[in-house]
Amino acid sequence: MNRKEVTIILVYVLAQLSSFIGVPLLFKYSTFSSIESIAYWTVFSMSVAAIVSLSLSRSLTSGGKMGKPVPFKETIFWIVFGVFLAYFAQIIAAVIEQNIFHIPAESENTKEILKVATEAPIFMFVGIVLAPFLEELIFRRIIFYHLYQKFPFLVAAIISSFIFAILHVDFSHILVYLVMGIVFSFLYVKTNRIIVPIIAHMLMNGTVFYLAFAVHQ
């Protein structure tokens with residue numbers, strides 16, 4: 001990894017850790033509720049991380065085992081196909097979790113996210129835009145990319161996706177996050193355009209929010 005890639009990862013980590021200080025301070029010195037404080041601080045810290053990361057990522061180049069970037073029309077196809085592929089993989093993983101490991105379908109992590117978004121809708125900006133952008137940049141463009149230069153696709157995808165899954169701190173549904181990471185890695189390799197898994201991830205998360213709120217209305 002070069003210095004810019006390491007910096008992007010550090011900025012992301014700092015944005016995550018900043019909530020331990022920022023949220024209590026915002027709650028203490030503002031009129032926000034505890035959940036609103038979580039929402040607004042997360043939007044702020046992740047926005048800063050996204051802006052810094054976007055600036056640093058512009059000069060990143062890909063080579064080695066990665067092919068040529070696909071044309072624009074193919075990019076659109078892979079984004080649309082990628083969303084359906086991601087949902088299919090998620091469904092298969094969920095079925096395995098429920099029928100083999102007897103894990104409840106409902107994710108505690110998703111419940112907490114929706115709880116915050118219900119009280120502070122601005123938090124959806126994190127789940128739909130900021131998190132997918134930063135996660136794909138870090139776990140696919142940086143971590144997976146460098147692993148892929150040294151290992152076969154499946155090995156690189158599983159390792160990077162396992163890290164991606166672990167950091168969501170939803171261990172009962174780790175298989176779902178694992179297969180999602182593998183799908184996004186596949187999309188990145190097939191297109192050599194990180195924008196493809198980013199937008200596919202955004203659309204998938206956006207659909208989850210839409211369906212969740214539609215059901216509860």
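A nonpolar core, as used here, is a set of buried Ala, Val, Leu, Ile, Met, Phe, Trp, Tyr and Cys residues joined through side-chain atoms within 4.5 Å. Buried means under 20% relative accessible area, exposed means over 50%, and partly exposed is in between (1.4 Å probe, protein chains only). The structure is a predicted model, where local features need pLDDT of at least 70 and side-chain atom pairs count only at pLDDT 80 or more, while totals for chains, interfaces and linings use all residues. Residues are numbered from 1 along each chain as its sequence is written, and side-chain values use heavy atoms, with hydrogens and water left out.

On to the fold. The protein has nine helices and zero strands, the runs being taken from DSSP and numbered from the N terminus (helices are H or I with at least four residues, strands are E with at least two). The radius of gyration is 18 Å, close to the 17 Å from the globule rule for 217 residues, so the protein is as compact as a globular protein of that length. That radius is taken over C-alpha atoms, and the rule is 2.2 Å times the number of residues to the power 0.38. Along the principal axes, the C-alpha atoms fill a box of roughly 50 × 45 × 30 Å. Of the contacts with a separation of 6 or more, 78% join residues 24 or more positions apart; contact means heavy atoms within 4.5 Å.

Now the inside. Buried residues make up 44% of the 217. The largest nonpolar core has 44 residues, and Ile8, Met46, Val126, Leu134 and Ile138 have the most contacts inside it. Two or more residues come from each of helix 1, helix 3, helix 5 (108-119), helix 6 (124-148), helix 7 (153-166), helix 8 (174-191) and helix 9 (195-216). Helix 6 gives the most to this core, with 14 residues. A second, separate core of 16 residues includes Ala89, Ala93, Val183 and Ala200. In soluble globular proteins, nonpolar side chains tend to be buried together.

Some nonpolar side chains sit outside, though. Val13, Leu17, Phe20, Ile21, Leu25 and Tyr29 form a nonpolar patch on the surface, with about 680 Å² of accessible area together. Such a patch joins nonpolar side chains (Val, Leu, Ile, Met, Phe, Trp, Tyr) within 5 Å, from residues with over 30% relative accessible area and no salt bridge, that bridge being a side-chain nitrogen of Lys or Arg within 4 Å of a carboxyl oxygen of Asp or Glu. Helix 1 (3-17) and helix 2 (19-28) each supply at least two of the patch residues, and helix 2 has the largest share, three residues. Tyr29 is in the loop between helix 2 and helix 3 (34-57).

| Residue | Relative accessible area |
|---|---|
| Tyr29 | 62% |
| Ile51 | 61% |
| His102 | 63% |
| Val169 | 58% |

Ile51 lies in helix 3. Its C-alpha is 9.6 Å from that of Leu130, a residue 79 positions away in sequence.

Finally, the backbone. Most residues other than glycine have a negative phi. His102, in the loop between helix 4 (72-99) and helix 5, has a positive phi of about 55°. Val169, in the loop between helix 7 and helix 8, has a positive phi too, near 50°.

How values were computed:
Patch = residues over 30% accessible without salt bridge, like charges linked within 9 Å, V, L, I, M, F, W, Y side chains within 5 Å. Areas by Shrake-Rupley, 256 points an atom, 1.4 Å probe, with all protein chains shown as cover.
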